[in-house]
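Work through these exercises with the model open beside you. Each task is followed by a solution in steps.

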Amino acid sequence: MMDLLAQTLAGTPPAQASGENAMLRWQWLGEGLLEICPQHGYQQAVVISAGIHGNETAPIELLNQLVAQILAGTRPLAVRLLIILGNPPAMRADKRYLTSDMNRMFGGRHSQFSPSGETARAQQLEQVVSAFFTGERAARFHYDLHTAIRSSHLSRFALLPFQPRIYSAEMLALLDAAGLDAIVIHQAPGGTFSHFSSEYQQAASCTLELGKARSFGHNDLQQFSGINRALQALVSGEPLPEREPQLPIRLFRVEKSLIKRSEAFKLFLSDDTANFTPFPQGTLLCEQPDESYQVQHTSEWILFPNPHVAVGLRAGMMLTEVPRSTLF
Ligand SMILES: [Zn+2]
């Protein structure tokens with residue numbers, strides 16, 4: 001039996017690159033890449049990825065469990081499935097990345113970075129996802145699983161890529177069922193993996209931030225039971241589980257990206273500021289030559305503050321809360 005995670009961490013190809021049984025056939029497409037197809041038809045083509053940031057271990061373990069259950073036949077497979085473990089060298093080193101952050105490189109942006117293992121891998125993942133979806137007439141989905149580095153007032157949330165078409169009702173139902181606390185809508189294209197599959201492959205896609213991770217083998221996967229049950233239902237074509245949290249999912253949109261344009265960039269937040277910390281109108285948040293940013297709306301929430309990014313990259317995002325009807 002193929003253990004994709006063990007295989008990937010070992011850095012060796014499997015003894016056997018493909019196989020089948022009465023229910024499914026599978027093919028190993030390269031390091032950390034596995035396609036599984038049901039023998040008896042399907043209505044959805046689904047990409048599930050994890051480990052685009054190598055130290056975000058819990059979703060990688062979760063995904064590996066799901067694959068193991070499918071291959072063992074203990075979980076039925078109803079969709080055509082592409083499993084991606086994104087950055088194996090960073091996974092082996094227990095690092096977010098080795099040279100540059102892959103989740104800024106998609107949509108061809110890898111050509112703007114100094115060539116590295118990560119630029120080559122981002123390009124390979126674009127090719128593999130494109131090949132998976134090319135000619136595919138079933139509904140297309142991509143869920144990219146992550147865990148956050150910092151603490152968060154809302155610990156589980158989805159980021160939806162900017163797209164001109166409406167968001168998939170099936171995907172939104174899954175986010176609800178998974179028990180997420182919030183959805184954040186991007187207002188401009190970006191270099192994330194989920195932006196790529198939305199923009200270039202017309203997949204319903206999102207980036208999922210699922211809480212905090214520890215190192216391999218030390219995760220409390222119970223903490224991830226909501227998303228786990230939702231993904232199990234998705235791949236098996238079963239009804240989605242009931243949403244567990246009492247509160248409805250909250251909706252935010254990105255109002256402003258704080259771009260670091262100079263080494264003199266100053267972010268007036270402590271290093272441990274949690275995601276979704278709110279700030280009142282008028283608060284001065286950052287300053288650099290010829291530019292500063294003060295909170296414009298009655299309240300704005302900070303997401304992913306990080307003054308230590310390279311010049312030219314995003315040092316944080318400011319959000320406003322919007323009604324659910326914004327999605328439709
Ligand atoms: Zn991540």
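Two strands count as paired if DSSP finds at least two bridges between them. Keep in mind that this model is predicted.

**Exercise 1. Find the order of the strands in the open sheet of three strands, and say which strands stand at the edges.**

Solution. 
- Step 1. Start with the order: the sheet runs β11-β13-β14. Its pairing is antiparallel.
- Step 2. Look for strands with a single partner.
- Step 3. Check one pairing. Strand β13 (residues 284-288) is joined to β14 by four bridges. Within this pair, L284 faces Q294 of β14.

**Exercise 2. Decide whether V47 is buried or exposed, and list its contacts beyond its sequence neighbours.**

Solution. 
- Step 1. Locate the residue. V47 belongs to strand β4 (residues 44-50).
- Step 2. Apply the cut-off: buried means under 20% relative accessible area. V47 has 0%, so it is buried.
- Step 3. Set aside neighbours within four places in sequence. V47 then contacts L82, I84, F132, F133, F141, H142 and Y143.
- Step 4. Take one of these contacts, F132. F132 and V47 are 85 residues apart along the chain, yet their C-alpha atoms are separated by 8.6 Å.

**Exercise 3. Identify the protein donors of the zinc ion and classify their arrangement.**

Solution. 
- Step 1. Read the spacing along the chain: H-x2-E-x89-H. E56 sits in the loop between β4 and α2 (57-72), while H146 is in strand β6 (residues 139-148). The two are 90 residues apart, so the pair links distant parts of the chain.
- Step 2. Recall the test: four donors are tetrahedral if all angles lie between 85 and 135 degrees. Here the angles are 57 to 143°, and the arrangement is therefore irregular.
- Step 3. Check accessibility. E56 is buried at 3%. H146 is buried too, at 0%.

**Exercise 4. Count the cavities of 30 Å³ or more, then describe the lining of the largest cavity.**

Solution. 
- Step 1. The count is one.
- Step 2. The largest cavity holds about 40 Å³ of space.
- Step 3. Its lining residues are K256, L258, I259, F265, C286, Q288, E291, S292 and Y293.
- Step 4. Group them by element. β10 (250-259), β13 and β14 each give two or more residues to this lining.

Methods. Residues numbered from 1 in each chain as written. Predicted model: local features only at pLDDT ≥ 70, side-chain atom pairs only at ≥ 80, totals over all residues. Heavy atoms only, no water. Buried < 20%, exposed > 50% of the residue type's maximum accessible area, 1.4 Å probe, protein only. Contact = heavy atoms within 4.5 Å. Donors = N, O, S within 2.8 Å, 3.2 Å for Na, K, Ca; no water. Tetrahedral: all angles 85-135°; square planar, octahedral: opposite > 155°, others 65-115°. 1 Å grid on protein atoms, 1.4 Å probe; cavity = no way out; pocket = protein on both sides within 12 Å on 5 of 7 lines; lining within 4 Å. Points joined across faces, edges and corners; volume = space filled by probe spheres on them.
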